[in-house]
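Please walk me through this protein, starting from its overall layout and ending at its surface.

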Amino acid sequence: LTVNLSSKSVPSLWFSYEMSPWSLQNKFEKMTKEKVLVYTPSKKLQTDPKYIEHMIKKAVDIHACKTIFIDHLEYLATRADAAKTSYYTDQGFTVRQLKQIAVNQKVIIFLLSQTRKFGRDELITKDSIKGGQSIQSEADYIIMMERVREQEEKRTGAAGLLPGLIKKRKRYTNFTNLFLDKNRHYGECPAITMMMKNEVFVPVDTRHHEE
C-alpha cells in the first residue's frame with residue numbers, strides 16, 4: 001500500500017513500534033529497488049495519542065500526507081488504568097481517539113492489530129481480532145490477512161510413525177488470503193488470494209496455479 005500510494009505521489013507516515021527504522025527502510029528498498037529515506041525522530045517514538053496527532057499534523061502541513069500506518073495497536077493501548085478499567089476498554093478508547101484524529105486531520109489511518117489464538121479448524125474473521133468488539137465498532141473498514149494452510153489428511157497409526165508424518169506434513173502454503181470483513185460505506189466484502197513475488201504481494205488465480 002505504501003509503495004503503490006507513493007508511486008501516485010501520495011506520501012505516507014509510519015509509526016513503527018515493532019520494526020526498527022533500519023528494517024523498515026531495508027524492506028522498502030527491497031520492494032522498490034531504489035534508495036529510500038526513512039526519517040527517524042531524534043527522540044524515542046512515543047505512544048501518546050497527543051504525540052501521534054502532533055506528528056500527523058506536521059506530516060499533513062509539511063508533506064501533504066494523506067495516509068498513516070500504525071504498527072501496531074497493542075503498543076498504544078496500555079494497562080496503566082487497569083485498576084479502573086479493563087485493558088480492552090482502554091484499547092477501545094485508544095481506537096476512538098485515533099478515529100477522531102483521522103477525522104480532524106482528514107487522513108486515513110491504517111491501524112494494524114493482531115489476532116487472538118484460535119483453533120486449527122476455526123475460520124479467521126473480524127471476531128478473531130484481540131478485543132475485537134471495541135475495534136469493530138469504530139473501524140470503517142476491517143481488512144483481514146491469513147496465510148492459507150494445506151489440507152491435511154487425518155492419520156492414525158503407531159506412535160513410531162509420528163516423526164515421519166510431521167516431517168512430511170506442511171502447515172502452510174505460499175498463498176495468502178486478503179478479505180474485507182467490514183465495509184461500512186458500501187457493504188460489499190471482496191476477497192483476493194495473493195502470493196509473495198520479489199518482496200511484494202501479487203494477486204494469483206489459484207485455480208490455474210501450478211506448484
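What follows goes from the fold to the cores, then to the aromatic rings and the surface.

This is a predicted model, in which local features need pLDDT of at least 70, side-chain atom pairs count only at pLDDT 80 or more, and totals for chains, interfaces and linings use all residues. Residues are numbered from 1 along each chain as its sequence is written, and side-chain values use heavy atoms, with hydrogens and water left out.

The protein chain has six helices and seven strands. Helices (H or I, at least four residues) and strands (E, at least two) are DSSP runs, numbered from the N terminus. Along the sequence, the pattern reads α-β-α-α-β-α-β-α-β-α-β-β-β. Contact means heavy atoms within 4.5 Å. Among contacts between residues at least 6 apart in sequence, 60% join residues at least 24 apart.

Next comes burial. A residue is buried under 20% relative accessible area, exposed over 50%, and partly exposed in between (1.4 Å probe, protein chains only). Of the 211 residues in the protein chain, 29% are buried.

In soluble globular proteins, nonpolar side chains tend to be buried together. A nonpolar core is a set of buried Ala, Val, Leu, Ile, Met, Phe, Trp, Tyr and Cys residues joined through side-chain atoms within 4.5 Å. The largest nonpolar core here has 16 residues, and Leu13, Phe15, Ile52, Ile56, Ile68 and Ile70 touch the most other members. Two or more residues each come from β1 (12–16), α3 (49–63), β2 (67–71) and α4 (87–105). Helix α3 gives the largest share, five residues. Take Ile52: not counting residues up to four places away in sequence, Ile52 touches Phe15, Tyr17, Gln46, Thr47, Ile70, Leu76 and Leu98. Apart from this core lies another, of nine residues, among them Ile124, Ile129, Ala139 and Met144.

Ala139 sits in the loop between α5 (132–138) and β4. Ala139 counts as buried, at 16% relative accessibility. Beyond four places in sequence, Ala139 touches Lys182 and Arg184.

Now the rings. Rings of Phe, Tyr and Trp (its six-membered ring) pair if their centres lie within 6.5 Å; planes under 30 degrees apart count as stacked, over 60 as edge-to-face and the rest as tilted. The count comes to four aromatic pairs. One of them, Trp14 with Phe28, is edge-to-face, at 6.2 Å centre to centre and 75 degrees between the planes. Trp14 lies in strand β1 and Phe28 in helix α2 (residues 21–32), so this pair ties together parts that are 14 residues apart in sequence. Trp14 is partly exposed at 25%, whereas Phe28 is buried at 12%. Phe69 and Phe110 form a stacked pair: 4.8 Å centre to centre, 10 degrees between the planes. Phe69 belongs to strand β2 and Phe110 to strand β3 (residues 108–111), so the pair ties together parts that are 41 residues apart in sequence. Phe69 is buried at 4% relative accessibility; Phe110 is partly exposed at 23%. Ring pairs link Trp14, Phe28, Phe69 and Phe110 into a cluster.

Last, the surface. The protein chain exposes about 15,000 Å², and carbon and sulfur atoms supply 54% of it. Strand β4 covers residues 141–149. Met145 has its place in strand β4 and is partly exposed, with a relative accessible area of 43%.

Notes:
Areas by Shrake-Rupley, 256 points an atom, 1.4 Å probe, with all protein chains shown as cover.
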